[in-house]
Amino acid sequence: MRKIGIMGGTFDPIHNGHIMLGRQAYAEYNLDEIWYMPSGQPPHKKGRHVTESAERCHMVKLAIQDIPYFVFSDFEVRRTGKNTYTAETLALLGEKYPDVHFYFIVGADSLFEIEKWYHPEEVMARATLMAAHREYGEAVTSLERHAEYLRKKYGADILLLHCPELAIASEDIRKMAGENRLPGELLPRAVADYIAERGLYTDEATKGGNNQ
């Protein structure tokens with residue numbers, strides 16, 4: 001079976017931390033490809049504007065265009081409905097690609113919070129989870145111990161990526177971009193240029209309808 005890693009997320013915007021995780025997963029576990037898959041209507045983002053999917057997808061394409069084993073996927077953004085849940089996406093992927101074993105790449109914070117997801121048992125049954133180390137202030141145990149707990153409770157297949165995530169948050173990038181101090185060192189150059197060109201994350205962009 002082909003071994004495909006999935007980097008899912010809002011990617012609002014995609015940044016160098018996302019790229020580093022994809023590179024590490026590909027190299028460390030000998031995957032065939034990494035699919036970057038922007039979310040459609042993320043249910044956990046209801047408290048803020050989310051940049052329209054066409055803009056987010058274009059930024060992902062710009063970010064990964066020079067890496068041959070990175071592949072853009074619009075699988076989630078093409079789905080209909082109010083929300084796109086990971087459990088449902090993985091079920092649909094399994095039906096469409098029966099010859100693929102999927103590896104779902106997450107940060108440490110997502111692994112600690114996964115039991116709060118929609119049907120987490122289905123997420124863990126349908127894909128191998130790959131978790132990267134990152135500081136998580138609410139953690140009461142180590143990532144290794146939490147992974148072992150999930151393995152025992154759900155029969156989850158969990159692999160740990162042996163590199164720390166870069167301390168980059170899309171929220172911070174949006175804030176800095178809105179203050180006209182775009183942190184180019186945190187973003188692929190093509191993405192930084194696109195944000196500046198389109199005026200994304202400024203008050204004017206929000207008022208003008210660039211966000212949904």
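Are tyrosine 36 and phenylalanine 70 buried or exposed? Tyrosine 36 is buried, and phenylalanine 70 is buried as well; buried denotes a relative accessible area under 20%, exposed over 50% and partly exposed in between, with a 1.4 Å probe and protein chains only.

The model is predicted, with local features requiring pLDDT of at least 70, side-chain atom pairs counted only at pLDDT 80 or more, and totals for chains, interfaces and linings using all residues. Residues are numbered from 1 along each chain as its sequence is written, and side-chain values use heavy atoms, with hydrogens and water left out.

## Overall organisation

The chain contains nine helices and six strands. These elements are DSSP runs numbered from the N terminus, helices being H or I with at least four residues and strands being E with at least two. Of the 212 residues in the chain, 48% are buried. The chain exposes about 10,800 Å², of which carbon and sulfur atoms supply 47%; accessible areas come from the Shrake-Rupley method with a 1.4 Å probe, and for residues only the protein chains shown count as cover. Among contacts with a separation of 6 or more, 77% join residues 24 or more positions apart, a contact being heavy atoms within 4.5 Å.

## Strand pairing

Two strands are taken to pair if DSSP finds at least two bridges between them.

| Strands | Sense | Bridges |
|---|---|---|
| Strand 1 and strand 2 | parallel | six bridges |
| Strand 2 and strand 3 | parallel | three bridges |
| Strand 1 and strand 4 | parallel | five bridges |
| Strand 4 and strand 5 | parallel | five bridges |

Individual bridges place these pairings in the sequence. Glycine 5 has isoleucine 34 in strand 2 as its bridge partner. The chain passes from strand 1 through helix 1 to strand 2 in a right-handed β-α-β crossover; right-handed means that, with the strands pointing away from the viewer, the path from the first strand over the helix to the second runs clockwise. Tryptophan 35 stands opposite valine 71 in strand 3. For isoleucine 6, the bridge partner in strand 4 is phenylalanine 104, and for valine 106 the partner in strand 5 is alanine 131.

Strand 2 and strand 4 are both mostly covered. In strand 2, five of its six residues are buried, and in strand 4, seven of its eight. Helix 3 (residues 86-96) has Thr86, Ala87, Thr89, Leu90, Ala91 and Leu93 as its buried residues. These buried residues pack against strand 1, strand 2, strand 4 and helix 5 (120-126).

## Nonpolar cores

A nonpolar core is a set of buried Ala, Val, Leu, Ile, Met, Phe, Trp, Tyr and Cys residues joined through side-chain atoms within 4.5 Å. The largest such core has 33 residues, and Ile14 and Tyr36 touch the most other members. Elements that contribute two or more residues to this core are helix 1 (16-28), strand 2 (33-38), helix 2 (53-64), strand 4 (100-107), strand 5 (128-133), helix 7 (170-178) and helix 8 (189-198). Helix 2 supplies the largest share, five residues. A second, separate core has 27 residues, including Trp35, Phe104, Ala108 and Leu143.

Leaving aside residues up to four places away in sequence, isoleucine 14 touches Ile19, Tyr36, Met59, Val60, Ala63, Leu187, Pro188 and Val191. Histidine 15 lies in the loop between strand 1 (2-9) and helix 1. With a relative accessibility of 5%, histidine 15 counts as buried.

## Aromatic pairs

The whole structure holds nine aromatic pairs. Rings of Phe, Tyr and Trp (its six-membered ring) pair if their centres lie within 6.5 Å, with planes under 30 degrees apart counted as stacked, over 60 as edge-to-face and the rest as tilted.

Tryptophan 35 and phenylalanine 102 have ring centres 5.7 Å apart and planes at 65°, so this pair is edge-to-face. Because tryptophan 35 lies in strand 2 and phenylalanine 102 in strand 4, the pair ties together parts 67 residues apart in sequence. Tryptophan 35 is buried at 7% relative accessibility, and phenylalanine 102 is buried at 3%.

The rings of tyrosine 36 and phenylalanine 70 have centres 4.8 Å apart and planes at 55°, so the pair is tilted. Tyrosine 36 belongs to strand 2 and phenylalanine 70 to strand 3 (residues 70-72), so this pair ties together parts 34 residues apart in sequence. Both residues belong to one aromatic cluster formed by Phe11, Tyr26, Tyr36, Tyr69 and Phe70.
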